[in-house]
Amino acid sequence: MKNIEIKGLNLTNFKGILKLSLSFKHNTDVFGANGTGKSTIYDAFLWLLFGKNAEEKKDFSIKNTVDTSLNRQDHEVEGFFEVNGDRITLKKIYKEKWSKKRGEETAEYTGNETLYYWNEVPMNQRDFQAKVSGIMDETIFKLITNPFALNSMKWPERRSIITQMAGEFTDAQIAEGNPEYQALLANLTQDKTIAEYLSQIKASVKKSKDDLKAIPTRIDEVSKTKPEAFDFQNLKNLLGAKESQLTKIDEAILNKSAGLDSILKSNEDAKRTASNLRSEIQSIESETRTKATASGKIDTSELDAYNTGLINKNGELTTAENSLKTLKGLVEGKESDIKALDGKMQAKREEWAAENAKELTFDQDSFCCPTCQRAFEESDVEAKKTEMLTNFKSKKAANLSEINRQGGLLKTDKENLESELKTLKERVENGQTVINALKTEIADLQTKIDAENTKKNNATPVDVEAVYNQLLLANADYNAKKAELLKVEATIKEEPKVDDEQLKADKKTLSEEIEAIKVKLRNEAQILAVDERIKQLTDEETRLAQEIAGVEKTQFLIERFEKDKMSAIENNVNSKFRIVKFKMFEDQVNGGESPACEIMVNGVPFSDANTASKINAGIDIISTLCQFYQVSAPIFIDGAESIHSILSTDSQLIRLVVSEQDETLRVA
């Protein structure tokens with residue numbers, strides 16, 4: 001592991017500091033009142049390495065801000081570093097360039113330049129930065145020296161670093177041991193991802209639902225094209241009769257028979273009257289048959305509605321039960337984690353009791369000269385005992401304090417887990433309530449369906465033909481017209497032979513009547529075609545509903561798989577840290593979850609935490625990153641007065657502390 005420490009820093013005419021030399025230990029505190037230059041130290045450190053200040057700005061005021069008359073002098077930062085035991089000295093000098101034009105007495109300011117030195121050897125900027133980069137990448141260096149650096153990044157960049165460090169899970173790893181998930185992955189072909197498969201299924205469901213939604217409209221449009229219905233059998237009988245009459249006329253024309261005009265007129269009126277009566281009789285018969293047919297039909301609309309409702313409720317029940325199963329698994333995991341923490345907390349209590357029980361015993365040999373074995377003077381012995389007792393108590397107090405601190409962290413972790421467990425149990429109870437309600441609704445629907453089926457099965461079949469005949473028998477108007485028709489038909493005499501012109505006129509009239517009947521008869525074929533199309537659309541509606549139910553089941557499985565994968569990734573990431581947790585996914589309005597990377601400190605977002613929590617969270621992050629990148633570097637904590645208990649770290653720690661009584665910088 002590469003270890004980088006800064007041993008010293010010299011500033012000359014840099015920002016608000018005229019002259020300053022600092023020496024750093026592994027843990028160093030820099031005290032000073034506001035405005036004495038604590039933040040300037042960190043800016044100088046970053047400018048020396050990367051040419052930027054703490055705010056990531058390259059163009060910032062390097063020149064002296066106290067006495068601008070000094071700006072023609074050099075602005076210099078020199079740093080002394082130790083990298084795995086090797087000493088390295090870096091220096092940068094920022095200076096103004098002044099030159100005299102020919103014939104001018106006064107030099108003019110023409111710009112600035114920066115000089116670079118590595119172990120006192122001058123070099124150009126590119127070579128200098130190459131050597132600095134050889135020690136460590138700039139991005140990594142800032143991540144492990146600034147507790148706020150990771151949170152200041154955009155969440156996709158932050159997420160990339162965290163997942164790179166913690167590792168991703170493959171779909172196969174998530175599916176291992178789950179037959180449903182393994183079967184799901186087996187359906188992925190042509191390198192298709194789970195996300196692409198889900199998008200494909202959602203598109204398929206949307207299209208099927210759109211098609212299903214359009215079917216009632218299409219049925220209505222087809223129904224509107226259905227022509228008027230008639231008693232087609234009666235029309236066919238009437239057509240046969242008229243065609244028979246037409247045949248007779250044709251025969252009469254061929255025979256050129258003649259008859260009396262008065263008889264023809266009488267017969268014509270009688271036939272017309274008879275034809276009208278027949279049409280009226282046929283209309284009554286058609287209406288009567290429609291009524292008789294309607295009386296034999298059974299209304300199944302309620303039964304159909306109940307069956308549809310049962311299918312929907314069963315689907316909701318399956319989804320709710322799957323969600324409840326997932327929640328119970330999470331509850332078991334949290335309970336197991338709490339049990340493990342209880343064990344750790346008990347161990348800390350025992351460790352504290354053992355440490356607290358320790359007593360100092362004096363070995364008499366400790367108070368004798370190691371060379372001559374002569375006992376020390378009594379005053380020296382007492383002084384030695386006092387020193388040993390003081391050291392023993394100090395060490396014991398420090399050990400007890402550390403045990404208490406670690407126990408406090410374990411307690412906080414347990415409280416967080418217990419809070420999460422309580423929320424999960426409430427969700428389990430709510431889920432069970434939803435399931436019980438759905439089961440009650442399903443049972444109620446099944447009861448109604450059974451009742452409707454019993455009602456349907458027990459219905460007495462209707463003899464449509466008997467009802468039809470009974471209705472006609474009770475229709476006085478119908479019977480009167482039938483009687484009148486018999487009388488009119490009795491008045492029609494056998495027609496004498498008539499001239500050819502009259503027969504042709506009668507033929508024309510009869511032909512027009514026949515054509516009108518044929519026009520009506522064409523409606524029968526159109527009605528059959530419309531009914532067949534409506535049946536096809538109804539069958540398609542049923543097929544689409546079944547298809548949607550099947551595809552949605554796969555969609556729910558994929559969404560559950562993605563949820564499990566998200567939980568696995570988040571848990572794996574969070575296992576790498578002591579007090580920091582990462583929220584790797586966030587809930588969406590549509591119920592789904594999308595990738596995120598929010599830093600949480602004791603359940604609170606990093607941005608909402610207090611300064612002390614932010615600093616400790618940053619140190620926790622830095623410690624983990626140092627292990628991952630196998631490198632450590634100085635951590636600068638600006639505003640360190642806001643935190644009293646800093647999380648332990650192996651990195652060099654430089655605390656910049658506001659101290660109003662220190663009017664000049666003081667290093668401790």
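Predicted model: local features only at pLDDT ≥ 70, side-chain atom pairs only at ≥ 80, totals over all residues.

Residues are numbered from 1 along each chain as its sequence is written, and side-chain values use heavy atoms, with hydrogens and water left out.

The C-alpha trace spans about 170 × 90 × 45 Å along its principal axes. The radius of gyration is 50 Å, whereas a compact globule of 668 residues would have one near 26 Å; the radius is taken over C-alpha atoms, and the globule rule is 2.2 Å times the number of residues to the power 0.38.

The protein has 16 helices and 14 strands; these are DSSP runs numbered from the N terminus, helices being H or I of at least four residues and strands E of at least two. Two strands pair if DSSP finds at least two bridges between them.

Strand E5 (residues 86–99) is joined to E4 (residues 75–83) by nine antiparallel bridges, with Lys-92 as the partner of Val-77. Two residues lie between these strands in the hairpin, where Asn-84 takes a positive phi near 50 degrees. Ten bridges, again antiparallel, join E5 to E6 (residues 108–118), and Trp-98 has Tyr-109 as its partner there.

Which strands form the open sheet of mixed pairing? The order is E12-E13-E3-E14. E12 (635–638) and E14 (666–667) each have a single partner strand, so one side of each is left without a neighbour in the sheet. E12 runs parallel to E13 (residues 653–658), with four bridges between them, and Phe-636 stands opposite Ile-654.
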